[in-house]
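These are my notebook entries on a model that I examined chain by chain. I set down what I looked up and what I found.

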Amino acid sequence: MKIAVLGAGHVGPVLARLALGAGHEVAIAGSGDPSRIEMIVGFLAPGAKALTAADAVADADLVVLAIPWHRFSSLEPGAFAGKVVVDAMNHWPPSAEPLGTSEQVAARLAGADVVKSLNHVAYQDMEPAAGRAVGVAGDSPGAVEVVASFLRDIGFDPVPVGPLAAGRLLEPGSPLFGVAARRQEFETHTKEQS
Amino acid sequence: MTTFGLDTFGDVTHDASGTPLSHAQTIRDLVDQGVLADQVGLDFFGIGEHHTADMPLSAADVVLAAIAARTSSIHLGSAVTVLSSDDPVRVFQRFSTLNALSDGRAEIILGRGSSVDSFPLFGYDLADYEDLFEEKTHLFAELLKGGPVTWQGKTRAALHEQDVVPHTEPFPTWIGVGGSPQSVVRAASYGFSLMLAIIGGHPGRFAPFSELYKHALEKFGHEPQPIGIHSPGHVAPTDEQAREEFWPHYLDVIGRLGKTRGFATPTPESYAHEVGPHGALFVGSPETVAQKMARTMKKLDASRFDLKYGIGGLSHDSLLRTIELYGTRVVPRVRELLD
């Protein structure tokens, strides 16, 4: 697949490396001119291309949002229509109760199939993925399967937790956030909350 | 030149019965810890700014000044100074004063802050996290050049041909980086030294950061600068003793922090991994810690290692023992291994 990783901070280059390792074609976009992140991409995710967000998204089969939440509103929404988009973002600082980002992402990126995942894993715990269970929440079964298949490719064990609104189960404040939970614990917690 | 230091966040210590000591006593004990670090021949003692009841070291430079008055060789600095929520002019003045008092022994490690308690305290918005650090680092770099400063930005009043006192010799300036590649490039763009804060996971994964930093320094036309490592640890006569002493406090502190920061709550298995050869905890006997330090320094091409000792709940005596073993046993052994 062609993967677009938006974000060249803590998380973006790690996911790019995992995707490259699994044989995917990867483009990374930071904010603004790609020349600003060329050096970073060259050393931290060699083999990935540094592009503008618009160019990276245009070609992609799968887009991963790994940018700070407060930057999300600066994304141009038009390019995302018809794309499968992974929301790996969190409110920061955490809000007092789990508060979904994904419904806001879906509302803004009209026409995209948004799937919440990976936001509950710290970047230092992602590489190697080592079969770690990750929750996946989305409204489109097709998009959820695309994301789950990608996550399996890069070494995770994807566990469906329900529709996009259930992505709140993965947010800061949830017992699943930042915990090395196994598949069984995801399933049990999801069942208790539904 | 290879140098070795100790960092602390000034966690509240407990007495022998497990009762927390007062903030005031914890701070006074910290001065004794800094003095011991000097006596055992260490190169650097750093205090990390925090603003919580568990870590009350909100005015680290005052404590550093007290240590300066009782020591003669050790360099004294922050680990880190949260520049984003401070005024670069004030920070420069305080560290220039420390540099004067200590006869040129001040160092500063600037950071964006991974614990962000200072943002609401001083009225800053976390949404400005990046811009604040970028602008303030720029002003700080201008101040370090000495001479009148002209500067304009969005985060504080502009300066025009401003003489900022006290005048002092330039002191080493580092940028502390937790995992943001942009921060590595930023450090290189100013020609500042790079301090890699490695607090979890395989330290070896930071090797591309060292390569990126060296390449970027060259690209920006700066001379090579030191790369340092800051990692948590605890030293005791045996591996078993060190691991057993550290574990309950690590579980307590990291378990609470992880809930908000997204890193996993420790388990006995994850702890065994972190203290083992592929983890980020330098916990063990002097030989175990020395071997791991030497390996990590070689892998990351680092010439400085700062062990972040002490975690909430340990006793002052236990911290003094770690400092003594680190200075007298660990560091000489690492020097041997690196030769």
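This is a predicted model: local features need pLDDT of at least 70, side-chain atom pairs count only at pLDDT 80 or more; totals for chains, interfaces and linings use all residues.

How many residues does the contact take from chain A and from chain B? I found 23 residues from chain A and 26 residues from chain B, two residues being in contact if their C-beta atoms, placed from the backbone, lie within 7 Å. On the side of chain A that touches chain B, helix H2 (residues 38-44) of chain A gives the most, with four residues.

Residues are numbered from 1 along each chain as its sequence is written, while chains are lettered from A and ligands numbered from 1 in the order in which they are written.

I next turned to strand S12 (residues 304-309) of chain B. Helices (H or I, at least four residues) and strands (E, at least two) are DSSP runs, numbered from the N terminus. Six of the six residues of S12(B) are buried, so the strand is largely enclosed by the rest of the structure. A residue is buried if 20 or more other C-beta atoms lie within 10 Å of its own, exposed if 12 or fewer, and partly exposed in between, with C-beta atoms placed from the backbone. One side of S12(B) carries Arg304(B), Asp306(B) and Lys308(B), and the other Phe305(B), Leu307(B) and Tyr309(B).

Which strands pair with S12(B)? I found strand S1 (residues 3-8) of chain B, parallel over five bridges, and strand S10 (residues 227-235) of chain B, parallel over six bridges; strands pair if DSSP finds at least two bridges between them. Asp306(B) is the bridge partner of Gly5(B) and also of His230(B).

I then followed helix H11 (residues 316-338) of chain B, whose 23 residues reach 31 Å from first C-alpha to last, close to the 33 Å expected at 1.5 Å a residue. The expected span is 1.5 Å times one less than the number of residues. H11(B) has a kink of about 40°, centred on Tyr326(B), the bend being the angle between axes fitted to the seven residues ending there and the seven starting there. Tyr326(B) is also among the buried residues of H11(B).
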